[in-house]
Amino acid sequence: MNMMNVYLIAALAPLAGAVVAGLFGRRIGRAGSHWVTIIGVAVSMIASAVVFRDVMQGNLFNGTVYTWAAIAGIQLEIGFLIDQLSATMMLVVTSVSLMVHIYTIGYMADDPGYQRFFSYISLFTFAMMMLVMSNNFLQLFFGWEAVGLVSYLLIGFWYTRPTAIYANLKAFLVNRVGDFGFILGIALVFVYFGSLDYSEVFELAPGKAGDLVGSAIGVQWPLLTAICICLFVGAMGKSAQFPLHVWLPDSMEGPTPISALIHAATMVTAGIFMVARMSPLYEHSETALSLVLVVGAITALFMGLLGIVQTDIKRVVAYSTLSQLGYMTVALGASAYSVAIFHLMTHAFFKALLFLAAGSVIIGMHHDQDMRNMGGLRRRMPITWLVSLIGSLALIGFPFFAGFYSKESIIEAVQLSRTPGAGLAWIALTAGVFITALYSFRMYFMVFEGKPRYEAHEGTGAAHGDDAHGHHGPLNPHESPGVVWWPLVALAIPSVVIGAIAIEPLLFGGFFGDSIRVFAERDVVGTIGEHFHGWLAMGLHGFATLPFWLAMAGVALAWFLYLKRPDLPARIKQAALPLYTLLDQKYYMDRFNDWFFAGGARSLGRGLWRFGDMNIIDGVLVNGSARLVGWFAGIARKFQSGFVYHYAFTMIIGVFVLLTWWFLRI
Amino acid sequence: MFGLAPLSTVVWLPIFAGIVVLLTGSDRNAAMARWVALIGAIAGFVVALPLWTEFDRTVPGMQFEEFRPWIETFNINYHFGIDGISLLLILLNCFTTVLVVIAGWTVIRERVSQYMAAFLILSGMMNGVFSSLDAALFYVFFEATLIPMFIIIGVWGGPNRVYAALKFFLYTFLGSLLTLVALIYLYNASGGSFSLLDYYAMPIPLAAQILVFLAFFAAFAVKVPMWPVHTWLPDAHVEAPTGGSVVLAAIMLKLGAYGFIRLSLPIVPDASQYLAPLVIALSLIAVVYIGLVALVQADMKKLIAYSSISHMGFVTLGIFIFNPHGLQGAVVQMVSHGFVSGALFLCVGVLYDRMHSRMIADYGGVVNRMPVFATFFMLFAMANAGLPGTSGFVGEFLVIMGTMSVNFWYTLAAATTLIFGAAYTLWMYKRVVFGEVTNDKVSALSDVNGREILILGLLALTVLAIGIYPKPLTDVLGVSITGLLEHVAVSKL
């Protein structure tokens, strides 16, 4: 078959599913809707696998689907770039998406918006595919905004909840702040490269490395640095990097399946993917790389810290996602793009797993998400327990699990990197390992081990408004149905093995070919490769590294605090109240944003409207002119009194004035 | 068509149809008036279609030209002709006329024939503006459009309609008086011609150019409207009936921008470039200042009106940066804004017809009762926020690309619309549509009916089609715009 058709099928099959389920959802019913969308995504996954095989055989593709617009000799096109990078992303996106689709059948079983939900997640898959398959900046922006739209719709899926519709507006607007930078970057590319096509731009990049971009105030910026920083602002929004991370924790208001798909595995990694895709540009700007590195390091450490004080199970996983995105970003900053993509991939599997497992727990707890009400679920939900343990071990980087290989590679890469800020980043990431283990196993112990706390505390599901299970009497958690746990098992397998399998080909086998470009002096991955002796050796060596022992210390501390001496956390909280409050308030960033940006914009708008529009323009200028005319007319009217002697008198005065003037002139 | 000149048909057929509608008389014949109006509007749209199919996209200059002497004493001629820019606006106008006739179908119960006739006549007059190549003819049509709109607001408007109608009329009329002065100057300077094409070729000293530019500017800036002469628009929109708001936003505002393109730029190119920084500054103020003002509006119509001003800021910005992407973007933005703002006013109309309130605070949780409506409204809100895949994105994107080649800081200011546009539109959407049902009136709402689905559906398809595949539009504009820019680049001093 013509490969172009396969590409089109891979991209469009989910769209077809979304359209059918969206427009005819009521007619084809619930089962019809989930079948049509699942088939669409399955077809897309198979097509992606075919594409991946084809790419492995060396068949790359870069071509146009159609011309969007052509203006003054510049073609703006919709097209595909199929190479190792996009093929990998396609496979990750469709496989996680398929698992989430299947899982949703169970999770959303009683929701009245069932068809709508399936339509949205399929639409998301389409948008994400367009984003990763794009061969130009225009389509990248299309996909970029379209995934943002679906994210907005899904966070606000339960649209009657005030918190959900607050969160989705916030998510969209914070992302728009990122997009503001992103579009400026695209515009710079457009103007200085005269094209939006990746390959043309990358071709020209070396020649533009020394160019400057002028600005009105006389400051000259290196062109590529300006472009890279602007684009990275977009990535900060989409991939939730400090300080634009504020939307992601709130996005947990959406149903759990989309937290797994969109807010952990795929959409939030779009920024990581984008920077990796732009490696031919970023390599020319050490300043931009350094910024990427520092922002990533801040996110990795400080967002992890917040995970420690959360009590909502989904929010713990959300802060963990923020922190892991920080790790990926650091890898990008260290020019270890392939490692970032590697961690993106392993993270997609184990974090989707953790989210969906959390969802399974939430189903078991009748939609109560508070970990303080859980405990001892291991026996009640054995499968969920096992996969959660696997996911947690992968997350903390326990040797041989998927996360170990990718995280270890990131830390090594940063250690070797000479990009400014790498030293600090290394400290942040290494400390982050301890934090990660602490919050992960805090969650694990609170949920699955110890004494059950739900018996004393009957489900508060009603408070969440979507408790459709209609349970009565005491809470009796039990394992979720097969349609829920099967995807968990399917995700657990790669969470264990994908790291060991993929590390050698992906990082050291020249897998990415030309899709990722690294300058020789920054090629830290190559240096790591010199000491790499296979996955087994790396795994065994992993037991002797500093990060491993830090992780163990984190687990041990979590065990001590939450199983051995559960009375201690409360006392520590009392002892370090200011610190706890700072973390509990998320460094006061939400408060600040609400007050300064949201409140500030409203006050400014109100001021401009009341003062500028109503007082000055309308009050003084418009109605003032009207009044002036009125006043003038009022005076003029006095002359037309209708009394003859007034007119006669005026006439005499007039004659007198005229005569005087005439005489004086002579 | 029928052996008639195509442009004359496009201009006079709606006017003629309007007169026929008037002849149906009182409200006893309301049904007949509606049907005649609908047939007239559709016929008006159909006769415009050959312009699209037969337009030659490869040659610059005017097409479908018609020329007849009209008032020979003053050398005023009945001279029509269009380029790609006029073509798109004519099609937009004819399409919108069909929609407003359908939109007023059941809502308008008093003086039906006059209401329908006003819109048809207005439509023909605006086609006249877009087709005129004679300055006097242009001016007559330009001014004449005020009358039907004045009547529409003044008769079928809200409680404060008289103030709004007068403000609208005086504001725009005072602005355009100076244009008349400028045209008389040009008439004398050209040795007795009103032909725009003569003016294009005529050298004019810079001082005179600047005066002429400012005179034009007084008329067109008010019409667009640009900050700070925009305050008539929110009042006019709030008081106008739904159909009036739709036409006002979709077409009438474009007369101003069209005036810049058809008169200011080619007749006084040096002054246009000389004063461009002023216009750009005002445009950017419109984007930022008005974006913030829109954020705090409590009245949906006012909010959309302010949003219109902000979006039109992009149009004037695109025009006055003098490059093909900016100008293309400006025209596409004009067309897109026609569909999107029209659609948003129709959406507010749908709600107003049911609740008789425009205040955001009176709503909340509409989606629970009107899911289909909420879907349409979401699409148009997103288009207003410039989401890619909708028409709203195309113009903004092209203007931003074009602006970057002029100045980074201009672009920075313009791109804030990504944030403000989303903020005011989606915040309004959230408060009106999302949430629990807030009161009994919302609880009693019924979803859109077949007629409303037809209108909103047509608009939705158009908005998506342009967003996904704008090439047909940009192809029509291409040669006209490069031709115009080449002309502007040559000094006339």
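Analyst: Let us begin with the interior. A nonpolar core is a set of buried Ala, Val, Leu, Ile, Met, Phe, Trp, Tyr and Cys residues joined through C-beta atoms within 7 Å. A residue is buried if 20 or more other C-beta atoms lie within 10 Å of its own, exposed if 12 or fewer, and partly exposed in between, with C-beta atoms placed from the backbone. Here the largest nonpolar core has 439 residues, and those with the most contacts inside it are A:Val330, A:Ala331, A:Ala340, A:Ala352, A:Leu353 and A:Leu429. This is a predicted model, in which local features need pLDDT of at least 70 and side-chain atom pairs count only at pLDDT 80 or more, while totals for chains, interfaces and linings use all residues. Residues are numbered from 1 along each chain as its sequence is written, and chains are lettered from A and ligands numbered from 1 in the order in which they are written.

User: With which residues is A:Ala331 in contact, leaving aside its neighbours within four places in sequence?

Analyst: Two residues are in contact if their C-beta atoms, placed from the backbone, lie within 7 Å. With those neighbours left aside, the partners of A:Ala331 are A:Ala336, A:Val339, A:Ala340, A:His343, A:Ile410 and A:Ala413.

User: How many residues of helix 13 of chain A are buried?

Analyst: Helices (H or I, at least four residues) and strands (E, at least two) are DSSP runs, numbered from the N terminus. In helix 13 of chain A, 21 of the 21 residues are buried, so this helix is largely enclosed by the rest of the structure.

User: Is A:Val275 buried or exposed?

Analyst: A:Val275 is buried, because 27 other C-beta atoms lie within 10 Å. Its place is in helix 10 (residues 270-277) of chain A. A:Val275 and A:Phe232 are 43 residues apart along the chain, yet their C-alpha atoms are separated by 7.2 Å. Beyond the neighbours within four places in sequence, the contacts of A:Val275 are A:Phe232, A:Ala235, A:Tyr282, A:Val292 and A:Leu332.

User: In which sense do strand 1 and strand 2 of chain B pair?

Analyst: Two strands pair if DSSP finds at least two bridges between them. Strand 1 (residues 63-71) and strand 2 (residues 76-82) of chain B pair in the antiparallel sense over 6 bridges. One of the residues involved, B:Arg68, has B:Tyr78 in strand 2 as its bridge partner. The two strands form a hairpin with 4 residues between them, and B:Asn75 in the turn has a positive phi of about 60°.

User: How many residues does the contact take from chain A and from chain B?

Analyst: An interface can be described by the residues that each side supplies. The contact takes 43 residues from chain A and 43 residues from chain B. On the side of chain A that touches chain B, helix 5 of chain A gives the most, with 15 residues. By class, that side has 31 nonpolar, 5 polar and 7 charged residues. Ala, Val, Leu, Ile, Met, Phe, Trp, Tyr, Cys and Pro count as nonpolar, Asp, Glu, Lys and Arg as charged, and the others, Gly among them, as polar.
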